Amino acid sequence: MRKAFDGLRAVDNVDFELRAGEVVALIGPNGAGKTTLLNVLSGQLRPDAGRVVLAGRDVTRWPPHARARAGLARTFQIPQLAPSLTVREHVEAARLRGRLRGRRPEPEGLLHAVGLGDKRDVPAGALAHGDRRLLELALALALEPKALLLDEPAAGLSPAEVERFLQLVRGLRAERDDLAILLVEHDMDVVFELAERVVVLHRGRVLAEGPPPAIREHPDVQAVYLGARP
Ligand SMILES: Nc1ncnc2c1ncn2[C@@H]1O[C@H](COP(=O)(O)OP(=O)(O)OP(=O)(O)O)[C@@H](O)[C@H]1O
Ligand SMILES: [Mg+2]
């Protein structure tokens, strides 16, 4: 697929598949096109060329909410929350938008899973940054997704919060062996801990793709990305 902004090819000729049950990390330098690719997948942007296929259906022209209902959930690089709504109100609203339309899962269970059980009545605007990220994750999970797209979920988290996030994803994987996760992340410890496959974007193109050990050793990846981040 392809997506350009005023002639700048932010995503250029990327052919990408996320299969049920796998965790794929999408890495690359700032401006590589990672968020743009997520936006095309989730429907925030239309591609200039190419298609988005979700569980065998061509969803390229579907708006984001229709994709969410079909099982595609995402989080944003900057959390998208309503400051005056409480944690619990956010989760209730997200459940009603989801694939199973509020039948499952229970808000309390979700809040407990992300560690926000005791903050259920706090307005989102009063949450600390790390808790906002975890709430966003709970909202994505409330959609009971088949595919989950995460845009830098660990950015700005404390080490303890990163650990909570890792545990949560590990738990999800154990519980939902068909859930596909696409993780955009700069924290290489998180990437190498969770991903089975890593896709490296550079200037909108796939520079390399493979299992974490191969990516870590890849000379081109070292040169454009990992080398610059000791
Ligand atoms: N809405 C937009 N309008 C114009 N240019 C854009 C827009 N969104 C992204 N771009 C440009 O497209 C390129 C890719 O941006 P993108 O946000 O996808 O990168 P990224 O890999 O997510 O970077 P980061 O790691 O900093 O989040 C950049 O050059 C960016 O300036
Ligand atoms: Mg980005």
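This is a predicted model: local features need pLDDT of at least 70, side-chain atom pairs count only at pLDDT 80 or more; totals for chains, interfaces and linings use all residues.
**Entry 1: the magnesium ion.** I started with ligand 2, the magnesium ion, and asked which residues coordinate it. Two side-chain atoms turned up: OG1 of Thr35 and OE1 of Gln77, at 2.0 to 2.4 Å. I then checked where these two sit in the chain. They are 42 residues apart and link distant parts of it. Thr35 belongs to helix H1 (residues 34-42), while Gln77 lies in the loop that runs between strand S6 (72-74) and helix H3 (87-97).

**Entry 2: cover at the site.** Next I looked up the accessibility of both residues. Thr35 comes out at 26% relative accessibility; buried would need under 20% and exposed over 50%, so I logged threonine 35 as partly exposed. Gln77 has a relative accessible area of 37%, and I put it down as partly exposed.

**Entry 3: strand S9.** I moved on to S9, residues 197-202, and asked how many of its six residues are buried. The count is five, so by the under-20% cut-off I noted the strand as mostly covered.

**Entry 4: partners of S9.** I found S9 paired with strand S3 (residues 23-27) in the parallel sense, over four bridges. Here Val24 stands opposite Arg197 of S9. I also followed S9 to strand S10 (residues 205-210): the two run antiparallel and are joined by five bridges. His202 has Arg205, in S10, as its bridge partner.

**Entry 5: the turn.** Last, I checked the hairpin of S9 and S10, which has two residues between the strands. Arg203 takes a positive phi there, near 50°.

Technical notes. Residues are numbered from 1 along each chain as its sequence is written. Chains are lettered from A and ligands numbered from 1 in the order in which they are written. Side-chain values use heavy atoms; hydrogens and water are left out. Donors are N, O and S atoms within 2.8 Å of the metal (3.2 Å for Na, K and Ca); water is not among the atoms, so sites may look incomplete. Buried means under 20% relative accessible area, exposed over 50%, partly exposed in between (1.4 Å probe, protein chains only). Two strands pair if DSSP finds at least two bridges between them.
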